[in-house]
Amino acid sequence: CFVFTRWAAGAAGAAGPRRVVRICQALVLPQYQGRGLGTRLLQAIYDWARAEGVVEITVEDPSPKFRLLRDLVDTRLCISRELLAPPSVAASCTEEALDEAQAALLLTREQLVRCYEAQQYHSLVEQCARAHEATHAALQKPFRLQAKRRLNKKHVEALDAAAMAAEAEGADGSGARKGMLERLYQAAPTPIPPLRKALIRPYGAHRPFSGAHLRV
């Protein structure tokens with residue numbers, strides 16, 4: 001595993017620069033996979049980062065499998081510490097809840113939102129399991145709209161450009177915007193449903209893992 005640290009400028013009013021950790025590469029050899037070693041390694045990085053006074057942990061271009069592993073570890077951390085518990089499948093995560101979770105877990109806000117939505121999706125699946133199939137679409141709609149609002153905010157410039165380009169050609173700008181937003185929603189990396197299947201498995205025992213194994 002290769003982990004790099006850097007110093008970043010502090011926010012306004014902060015005392016001095018901040019130390020940020022970036023996980024660049026993580027690998028478990030095939031013959032050792034499926035034993036929880038990746039989970040323990042990632043947890044060891046988190047434990048080491050907190051001990052070193054790091055203020056944020058990021059990941060560089062994660063592969064799909066590592067992204068799922070990270071989502072699993074991070075969401076379990078949120079659950080175990082009772083952070084980012086969604087009040088409903090329709091409610092957006094509040095800034096106050098993100099601030100609290102970021103201070104406790106050192107994760108980026110984008111990653112914390114993924115953990116929040118994973119918990120929402122878990123609740124949604126449970127609701128659908130108890131409800132008649134005819135009501136599933138109505139139950140799922142608030143979650144879908146909430147995710148699209150987040151994507152709309154993140155990609156507002158590209159969406160505006162798509163609408164303007166369509167209008168310049170005499171087409172429906174609003175329709176072009178909605179179409180692009182739907183494509184973003186369908187293509188967006190999501191921690192669900194594979195993450196939910198992993199979350200409902202029994203938690204593996206966390207064993208201490210020495211920070212000496214890290215390349216920093």
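Helices (H or I, at least four residues) and strands (E, at least two) are taken as DSSP runs and numbered from the N terminus. The structure is a predicted model, in which local features need pLDDT of at least 70, side-chain atom pairs count only at pLDDT 80 or more, and totals for chains, interfaces and linings use all residues. Residues are numbered from 1 along each chain as its sequence is written, and side-chain values use heavy atoms, with hydrogens and water left out.

By this assignment, L27 falls in the loop between β2 (18-25) and α1 (37-51). L27 is exposed, at a relative accessible area of 66%; here buried denotes under 20% relative accessible area, exposed over 50%, and partly exposed the range in between (1.4 Å probe, protein chains only). Together with L29 and Y32, L27 makes a nonpolar surface patch of about 320 Å². Patches consist of residues with over 30% relative accessible area and no salt bridge, like charges being joined within 9 Å and nonpolar side chains (Val, Leu, Ile, Met, Phe, Trp, Tyr) within 5 Å.

The bridge partner of V20 in β3 is E56. In a regular strand, side chains alternate between the two faces of the sheet. In β3 (residues 56-59), E56 and T58 point one way and I57 and V59 the other way, and all are buried. The C-alpha atoms of E56 and A103 are 8.8 Å apart, with a sequence separation of 47 residues. A103 belongs to helix α3 (residues 95-105) and counts as exposed, with 62% relative accessibility.

The whole structure contains 11 salt bridges, each defined by a side-chain nitrogen of Lys or Arg within 4 Å of a carboxyl oxygen of Asp or Glu. One of them joins D74 to R70, with an N to O distance of 3.7 Å. Both residues lie in helix α2 (residues 64-80), four residues apart, or about one turn of the helix, and both D74 and R70 are buried.

A network of salt bridges links E95, D99 and R109. The closest N and O atoms of R109 and E95 are 2.5 Å apart. R109 lies in helix α4 and E95 in helix α3, so this pair ties together parts that are 14 residues apart in sequence. R109 is partly exposed at 26% relative accessibility, as is E95 at 44%. In the salt bridge between R109 and D99, the closest N and O atoms are 2.9 Å apart. D99 is partly exposed, at 44% relative accessibility.

One aromatic pair is present. The ring centres of Y121 and F143 are 6.0 Å apart and the planes lie at 55 degrees, so the pair is tilted. Rings of Phe, Tyr and Trp (its six-membered ring) pair if their centres lie within 6.5 Å, with planes under 30 degrees apart counted as stacked, over 60 as edge-to-face and the rest as tilted. Because Y121 is in helix α4 (residues 109-130) and F143 in helix α5 (residues 136-154), the pair ties together parts 22 residues apart in sequence. F143 is buried, with a relative accessible area of 7%.

The charged end of K148 sits over the ring of Y185, 5.5 Å from the ring centre. The criterion is that NZ of Lys or CZ of Arg be within 6 Å of the ring centre and within 35 degrees of the ring normal.

Methods:
Accessible areas come from the Shrake-Rupley method with a 1.4 Å probe; for residues, only the protein chains shown count as cover. Two strands pair if DSSP finds at least two bridges between them.
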